[in-house]
Amino acid sequence: MKKAIGLLGGTFDPVHIGHLRPAIQLLEQLELAEVRLLPNYIPPHRASPDSAPAHRLAMVRLAAAQTPGLTVDARELKRDRPSYTVETLIELRRELPDTPLCFLMGMDSLCSLDRWHRWQELLEYAHLVVSHRPGWQPQFNPTISALYQARGTRDSEQLQRRLAGCIYLFDNPELDISSTQIRHHIQQGNNPQYLLPEPVADYIREKGLYQSPVL
């Protein structure tokens, strides 16, 4: 089999250090071939993005260009419907039949996984790699608890030896930064420096993004 790749989805509205720093840590510590950033077109579980797909894609490409090992996969932006993870994983598995896929998510996403579209199928196509605060013990509902008991592993080598099927909890403290916070900073005329890559901040200024009030 080929070396595993990571997949990180999100609206990236805008992409920021809180997205990128955990992705870099996962890339390095799990020895992934790459981490692909997958901007959503319409996220099923949250409000529609403030900025247009073309702007969000441009910002993600600027961020990835700064970091070896990060790449961009724009397939979800080419759809005219909500971005369902299972559909993306099915496509990628067809394209990469001998490459382990590691779908990266936060602990909040794992805790609500049973509300995702066709969630029971996700582990047929990928591993789930879940970032969480070191030492924090999550409170799973019975459905997710049973899933983790059946599929959980603390052996990261399983992510390279198997194409899919494992849930791996990764000690990777999430930075307290959000796209919503950054949009409010910009709308209020504050400086978002160090919250997102400088080329992304320059792009936002050049295009005048996030200037209208954020409700």
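This is a predicted model: local features need pLDDT of at least 70, side-chain atom pairs count only at pLDDT 80 or more; totals for chains, interfaces and linings use all residues.

Colleague: Fine. What's the strand order in the sheet, and is the pairing parallel or antiparallel?
Modeller: The open sheet has seven strands in the order 3-2-1-4-5-7-6, with parallel pairing. Strand 3 (70–72) and strand 6 (152–153) sit at the edges, each pairing on one side only.

Colleague: Which helix packs on it, touching strand 2 and strand 3?
Modeller: That's helix 2 (residues 53–65). The direction of helix 2 makes about 155 degrees with that of strand 3.

Colleague: And how many bridges join strand 5 to strand 7?
Modeller: Five, and the two strands run parallel. In one of the pairs, Val129 has Tyr168 in strand 7 as its bridge partner.

Colleague: Switching to cores: how many residues are in the largest nonpolar one?
Modeller: It has 35 residues, and Val129 is among those with the most contacts inside it, as are Val35 and Met59. Elements giving two or more residues to this core include helix 1 (17–29), strand 2 and helix 2. There's also a second, separate core of 27 residues, including Leu92 and Met105.

Colleague: What does Val35 touch, leaving out residues up to four places away in sequence?
Modeller: Among others, Leu8, Leu27, Leu70 and Leu104.

Colleague: Last one: is His132 buried or exposed?
Modeller: His132 counts as buried because its relative accessible area is 7%, and the cut-off for buried is under 20%. His132 lies in strand 5 (residues 127–132).

Colleague: Which side chain does the His132 side chain make a polar contact with?
Modeller: The side chain of Asp171, at 2.9 Å.

Conventions. Residues are numbered from 1 along each chain as its sequence is written. Side-chain values use heavy atoms; hydrogens and water are left out. Helices (H or I, at least four residues) and strands (E, at least two) are DSSP runs, numbered from the N terminus. Buried means under 20% relative accessible area, exposed over 50%, partly exposed in between (1.4 Å probe, protein chains only). A polar contact is a pair of N or O atoms within 3.5 Å; within protein, one must be able to donate a hydrogen and the other to accept it, and residues adjacent in sequence count only if both atoms are side-chain atoms. Two strands pair if DSSP finds at least two bridges between them. Contact means heavy atoms within 4.5 Å. Axes are lines fitted to C-alpha atoms, for helices over the stretch in contact, and angles run from 0 to 180 degrees between N-to-C directions. A nonpolar core is a set of buried Ala, Val, Leu, Ile, Met, Phe, Trp, Tyr and Cys residues joined through side-chain atoms within 4.5 Å.
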